[in-house]
Amino acid sequence: MAMWIPDLSRFSGPAYTALAEAIGTAISAGDLSAGERLPPQRDLAWRLGLSLSTVTRGYGEAVRRGFLEGSVGRGTYVRDAKAVTAAASGAWNAGLARPAGDAIDFANNLPPLGGAERQLAETLCAISGEQGLGAFLDHWPGRTAERHAEAAGAWIETLGFPHQGRSIVLTNGSQQGLFVALLALARPGDAILAEALSYAPVLAAAERLGLRVFPVAMDREGLLPQSLDEQCRATAARLLYTMPTLHTPTTATMSEARRRAVAEVAERHGIDILEDDVFGFLPRSRPAPLGACLPDQTIYVASTSKSLAPGLRVGYLSAPMRHERALRAGVALSSWMPPPLMAEIATRWIEDGTAERLNEEKRQAAEARQALARETLKGSRLAADLAGFHLWLHLPEGWRPDAFEAAAQREGVALRSARSFCVDPAVAPAAVRLCLSHEASHSRVEDGLWRLKRLLDERPGEAAFIV
């Protein structure tokens with residue numbers, strides 16, 4: 001086999017990080033396969049005209065990023081395919097506990113708890129004095145399940161998406177809802193479309209289900225209808241995953257006109273839309289969901305975890321009736337059902353107005369932290385929405401997203417680089433996502449922002465060399 005020789009001219013910055021990025025890009029493109037042995041460091045150094053120490057450092061950086069593994073006496077190899085996929089997509093940490101140590105967490109996107117704990121105590125106290133509690137420990141009685149679905153439909157309708165004539169399927173949070181929808185609407189080998197920058201767990205779920213994801217180009221408003229049209233023609237995809245409101249990671253919100261244009265393209269090609277609207281209840285004003293323009297081809301996903309309380313794992317799928325059976329089968333296959341007691345709590349909060357009060361708390365917390373971020377990072381290029389829990393930080397010239405993520409980690413700040421969200425990691429923009437809500441303390445958020453401000457003010461060439 002011919003020796004793999006990367007073209008480092010495609011990558012900016014120090015040679016050792018360019019080499020690490022070239023390795024990651026080659027793995028993503030299929031030029032390096034899982035288990036493949038990389039060239040000996042001395043041989044590659046000679047071919048590239050680099051010092052041995054530079055190549056050694058580059059291999060070490062690739063190991064740190066999770067692309068490679070070394071074996072004493074045997075060489076350096078590309079990691080197992082699943083491990084490489086996880087590393088390239090940001091190696092998402094399953095742990096979501098609130099940080100308590102020195103490290104500041106801007107990587108995870110849980111909302112603040114607010115007054116939900118107090119409200120939960122009152123709700124549980126009321127439930128405890130009622131008859132028939134055994135129903136919450138058994139499979140749902142029909143009428144109870146219907147009431148939960150009716151409350152969910154009414155809640156979604158406040159955003160301008162009528163629920164009459166549609167099926168409402170409850171799930172264990174939106175994450176399961178998205179997985180169930182992919183399971184129900186696509187088969188292994190199918191092509192699906194997503195924004196070029198997209199929600200990483202959905203990309204990971206698609207990979208596990210054997211789906212091929214193709215990127216749709218974006219601008220400041222989100223996905224471009226012309227690119228969607230081109231990809232529909234080129235890929236014959238039958239499903240589009242999109243987040244039109246407070247998009248992750250870019251914070252973009254589509255205008256009403258853009259939503260109509262996207263819906264027109266989807267209708268023309270007969271493609272279903274999986275609309276992720278987990279942040280939809282946060283903005284004080286927003287266009288109606290994309291699905292309102294094309295209800296017969298849209299599976300709409302909403303959730304209580306972002307707007308009410310992070311541990312309230314209740315998701316809602318609003319779908320055309322023809323998809324109901326497949327969606328319910330997916331829920332049953334993966335968890336049988338969401339916990340009835342949790343669904344009951346969410347339903348009561350929707351019915352008695354608690355949901356709106358808690359949601360308003362989230363809005364106020366988001367606005368306060370966004371204002372803090374704008375003041376602290378003044379002079380930086382930010383994409384942000386006052387209603388959102390995250391912002392998209394465009395890096396100064398010379399900074400690469402992976403290098404900035406590593407440098408921030410050394411400063412005690414966890415965040416996500418653009419590569420974590422890319423359908424095609426080879427074309428990651430120079431940007432990172434900062435989540436402002438996961439930290440419980442306002443002062444810790446401020447501390448983390450100042451650490452990043454100092455990092456941004458450094459010369460990136462020097463900072464990227466720090467180990």
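Buried means under 20% relative accessible area, exposed over 50%, and partly exposed in between, using a 1.4 Å probe and protein chains only. The model on screen is predicted: local features need pLDDT of at least 70, side-chain atom pairs count only at pLDDT 80 or more, and totals for chains, interfaces and linings use all residues. Residues are numbered from 1 along each chain as its sequence is written, and side-chain values use heavy atoms, with hydrogens and water left out.

**Whole chain.** Start with everything shown. The protein has 16 helices and 17 strands; these are DSSP runs (helices H or I, at least four residues; strands E, at least two) numbered from the N terminus. Buried residues make up 54% of the 467 residues. The C-alpha trace spans about 75 × 50 × 45 Å along its principal axes.

**Largest nonpolar core.** Select Leu182, Tyr241, Leu274 and Leu327, the residues with the most contacts inside the largest nonpolar core, which has 35 residues. Such a core is a set of buried Ala, Val, Leu, Ile, Met, Phe, Trp, Tyr and Cys residues joined through side-chain atoms within 4.5 Å. Elements that give two or more residues to this core include helix H7 (173-185), strand S9 (239-242) and helix H11 (324-335). H7 supplies the largest share, six residues.

Now centre on Leu274. Leaving out residues up to four places away in sequence, Leu274 touches Leu178, Ala181, Leu182, Leu239, Leu240, Tyr241, Thr242, Ile299 and Val301; contact means heavy atoms within 4.5 Å. A second, separate core of 27 residues includes Ala149, Ala151, Leu170 and Tyr316.

**Loop between S9 and H10.** Go to Thr248 and Pro249, which are joined by a cis peptide bond with omega of about 10 degrees. Pro249 lies in the loop between S9 and helix H10 (256-269). Thr251 is found in that loop too, and has a positive phi of about 70 degrees although it is not a glycine. Thr251 counts as buried because its relative accessibility is 8%.

**Loop between H11 and H12.** Next select Trp336, in the loop between H11 and helix H12 (340-352). Trp336 is not a glycine, yet has a positive phi of about 65 degrees. Its relative accessibility is 66%, so Trp336 counts as exposed. Most residues other than glycine have a negative phi, and most peptide bonds are trans.

**Last stop.** Show the lining of the largest cavity: Pro112, Ala365, Ala366, Arg369, Gln370, Gly388, Phe389, Leu436 and Ser437. A cavity is a set of points on a 1 Å grid over the protein atoms alone where a 1.4 Å probe fits but cannot get out, and lining residues have an atom within 4 Å of a point.

Note on methods: 1 Å grid on protein atoms, 1.4 Å probe; cavity = no way out; pocket = protein on both sides within 12 Å on 5 of 7 lines; lining within 4 Å.
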